[in-house]
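Here is a walk through a structure, chain by chain and then across the contacts. Keep the view open as you read.

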Amino acid sequence: MQNPVLQIIQSAMINNTTRNNSVNNMDQFIGKLQKEDKRNLLLTRNFRWIMWSLAILYAIMFIVRPFSTNTIYEHIGWSLYVLTFVSFGFIFNYLKKEYQQVDYGLPTLKMLENAAKRYKLFQRKVLLASAPVLLLDAGMVLVTFDNENPETLLRTILVTQALIIPAVGIGLIIGISIWRKRQKPLRDNALEMINELNK
Amino acid sequence: MNKNKKEEQFKQIIDENSDRIMHICRYYNPNTEDQKDMYQEILVNVWKSLDSFRGESKISTWVYRIAINTSLNFTGKAFRQMKLMVDKDVQNMNLLIDDDKQLKEQFETDLENLQTRLNQLSVIEKAMISLMLEDLSMREIADIIGLTENNVRVKIHRIKEKLKEQLIAKPSIANNTISHDK
């Protein structure tokens, strides 16, 4: 599928034969680029709003708690749910910015080094994304834990892990497959070129 | 950056550098459609990178960086097969050979052979040659690629030597035929 930005420019620059035409098309071209920028910004905002809405929804449920047994564990558990969505929102925003801010104006070697870093499979920044999962995990344990039967704690933890671990595992498998297909070749090419430049 | 200011700056940059961008596109794409696509891709990247431009380098250097960096990405999966196209219209072709008059003539008369040799170079070597054909100084090429001036000088010298060796060792079929006929 062709890059939508390219489609926009192509349509804007067709028959770009004379200087006057070129200037007119350039105005149209810039207008479409700005629209595209706006659209990207809107997409990021929408996702952030979904995360914020979920955080607010869970915060309300935390306050109202229709099915609550009102234990301290439950209080903490619901707070962790809220934190999960808040941190998802922030982390998504941060990672999206990182990926979008590819500066092609950097010296080639620097740009390649940045690309190799950006397309690395396991990097500290991506590990950040595991923080909300851990919060969700802890939240689930605390909310479902039966306070009156402390001996059930281990069972609650195991049941929660039985749900979370396969979900995370499936997510990882999908993520790694996508990385191998789309990003690994880019990283390999970048590393190869860096190697050649440093020779 | 202010929306109108960005627009103005973008227009000015493209206005002043469209020839440079077009040259780079021509080096890497044999047909006009592909050249047009790459030109547009470079424009998109100029727009995207404009906010990060701090004026630490000359605008032309910055534009060349974007053009070269885009060319490295533009070819995507096929980047190893990326070709460097030269034709008789390319000025500064003589820069490829320093002092060897005979080889210079060979280059000019046997463009196809030169083309084959150039395409055997690595992607990075092709990028350097394209910048050299633009008659940029070693300092400017170093600024674009991100290496030291000396390093660039050494690399370009090696490329030229490699080309020279290949042309001496394996003269073109056309030349062989001519000499055989004689």
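Buried residues make up 33% of the 182 residues in chain B. This is a predicted model, so keep in mind that every value here is computed from it. Chain B has nine helices and zero strands. Read from the N terminus, its elements run α-α-α-α-α-α-α-α-α. Now look at how the chain folds back on itself. Take the contacts in chain B with a separation of 6 or more. Residues 24 or more positions apart account for 70% of them.

Next, go inside. In soluble globular proteins, nonpolar side chains tend to be buried together. The largest nonpolar core here has 46 residues. Which of its residues touch the most other members? They are B:Ile42, B:Val63, B:Ala67, B:Ile68, B:Met128, B:Leu131 and B:Ile141.

Follow B:Met128 for a moment. Leave aside its neighbours within four places in sequence. B:Met128 is then in contact with B:Ile141, B:Ile145, B:Lys155, B:Ile156 and B:Ile159. A second, separate core has 15 residues. Among them are A:Met51, A:Val82, A:Met140 and A:Leu142.

Go back to B:Met128. This residue is one of the buried residues of helix α6 of chain B, residues 123-133. After α6(B) comes B:Asp135, and its phi is positive, near 65°.

Helix α5 of chain B covers residues 111-119, and B:Leu111 lies in it. Is B:Leu111 buried or partly exposed? A buried residue needs 20 or more other C-beta atoms within 10 Å of its own. B:Leu111 is partly exposed, because it has 16. B:Leu111 and B:Ile14 are 97 residues apart in sequence. In space they are 32 Å apart, C-alpha to C-alpha.

Turn to chain A. It has seven helices and zero strands. Along the sequence, the pattern is α-α-α-α-α-α-α. Of its 199 residues, 20% count as buried. For contacts in chain A with a separation of 6 or more, residues 24 or more positions apart account for 69%.

How is chain A divided into domains? The assignment gives domain 1 (1-64) and domain 2 (68-199). Eleven residues of domain 1 of chain A are in contact with eleven residues of domain 2 of chain A. On the domain 1 side, nine of the touching residues are nonpolar, one is polar and one is charged.

Now pick out two helices of chain A. Two packed helices are described by the angle between their axes and the distance between the axes. For α4(A) and α7(A), the angle is about 140° and the axes are 9 Å apart. Their crossing is left-handed. From α4(A) come A:Leu109, A:Leu112, A:Glu113, A:Ala115 and A:Ala116. They meet A:Leu186, A:Arg187, A:Ala190, A:Leu191, A:Met193, A:Ile194 and A:Leu197 in α7(A). By class, this contact has ten nonpolar, no polar and two charged residues.

Last, see where the chains meet. In all, 23 residues of chain A are in contact with 32 residues of chain B. Which helices of chain A each supply at least two residues of its touching side? They are α1 (4-13), α2 (19-64), α4 (108-118) and α7 (153-198). That side of chain A has 15 nonpolar, five polar and three charged residues.

Methods
Residues numbered from 1 in each chain as written. Chains lettered and ligands numbered in written order. Predicted model: local features only at pLDDT ≥ 70, side-chain atom pairs only at ≥ 80, totals over all residues. Contact = placed C-beta atoms within 7 Å. Helix = DSSP H or I, 4+ residues; strand = E, 2+ residues; numbered from the N terminus. Nonpolar A, V, L, I, M, F, W, Y, C, P; charged D, E, K, R; others polar. Buried ≥ 20, exposed ≤ 12 C-beta atoms within 10 Å, placed from the backbone. Core = buried A, V, L, I, M, F, W, Y, C linked by C-beta atoms within 7 Å. Domains from an automatic or database assignment. Axes fitted to C-alpha atoms, helices over the stretch in contact; angles between N-to-C directions. Left-handed = near helix turned anticlockwise from the far one by under 90°.
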